[in-house]
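Look at the model below and follow the chain from one end to the other.

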Amino acid sequence: MKENVLDVLMYLFENFMNSESGPEADQDSLRQELEDAGFHRGEIHKAFSWLEGLAEQQSEQPQGVACGAAALRVFTDQEVKKLDLECRGFLLFLEQVGVLDGCMRELVIDRVMALDSDEIDIDQFKWIVLMVLFNQPGQEAAVAWMEDLMFEGPGGSLH
């Protein structure tokens, strides 16, 4: 089985984030369940590190980012290599419709860059956005909107 950190994260999200046990379930039992599902320990460890990085940044505001203000975002060469034009366009769309503000945009970009994948496709990118939103307090409407977008196709209303 060829998997990566994003596969482990998606498995965790699909199987545990909306369950009764939630993300606070015992890490040892989660690790064992992931191993039983066929994921390698190295990828499991990286996935937990990724989630810890997300949790650490939950309360931090990125330096130099005005959360509510519209601003031009210039991507670095490394970001352009990892996020293709479709992903960058989708990120802009999410800001324009009010799903993300400047701080959330930076958090999404940070979590994308924290993955060891060379490139992220649009479907993977949507999962990352959904996971970031899910882990932020007060983002229930945005999470529901993203889930509708991902699982039911275009349409739906943010409010």
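Take the contacts between residues at least 6 apart in sequence: 68% of them join residues at least 24 apart. This structure is a predicted model. Of the 159 residues in the chain, 43% count as buried.

What elements does the chain have? There are eight helices and zero strands.

A predicted model comes with a confidence score for each residue, the pLDDT, which runs from 0 to 100. The average pLDDT of this chain is 83, and 79% of the residues score at least 70. Among the elements, helix α4, residues 77-82, has the highest mean pLDDT, at 95. The lowest mean, 85, belongs to helix α1, residues 5-17. Over residues 155-159 the pLDDT stays under 50. For that stretch the model has nine contacts beyond four places in sequence.

Next comes the packing of helices. Two packed helices are described by the angle between their axes and the distance between the axes.

Begin with helix α5, residues 85-96, and α7. Their axes come within 9 Å and cross at roughly 35°. The crossing of α5 and α7 is right-handed. Which residues meet there? From α5 they are E86, C87, F90, L91 and L94, and from α7 they are I122, F125, K126 and V129. Sorted by class, this contact of α5 with α7 has seven nonpolar residues, no polar ones and two charged ones.

Helix α7, residues 122-134, also packs with helix α6, residues 102-113. Here the angle is about 120° and the axes are 10 Å apart. Why is α6 called oblique to α7? The reason is the angle of about 120°, because angles of 65 to 115 degrees count as roughly perpendicular and those over 145 as roughly antiparallel. The crossing of α6 and α7 is right-handed.

In this second pair, α6 contributes M104, L107, V108, R111 and V112. They meet F125, I128, V129, V132 and L133 in α7. By class, the contact of α6 with α7 has nine nonpolar residues, no polar ones and one charged one.

Terms used:
Residues numbered from 1 in each chain as written. Predicted model: local features only at pLDDT ≥ 70, side-chain atom pairs only at ≥ 80, totals over all residues. Heavy atoms only, no water. Axes fitted to C-alpha atoms, helices over the stretch in contact; angles between N-to-C directions. Helix = DSSP H or I, 4+ residues; strand = E, 2+ residues; numbered from the N terminus. Parallel < 35°, antiparallel > 145°, perpendicular 65-115°, else oblique. Left-handed = near helix turned anticlockwise from the far one by under 90°. Contact = heavy atoms within 4.5 Å. Nonpolar A, V, L, I, M, F, W, Y, C, P; charged D, E, K, R; others polar. Buried < 20%, exposed > 50% of the residue type's maximum accessible area, 1.4 Å probe, protein only.
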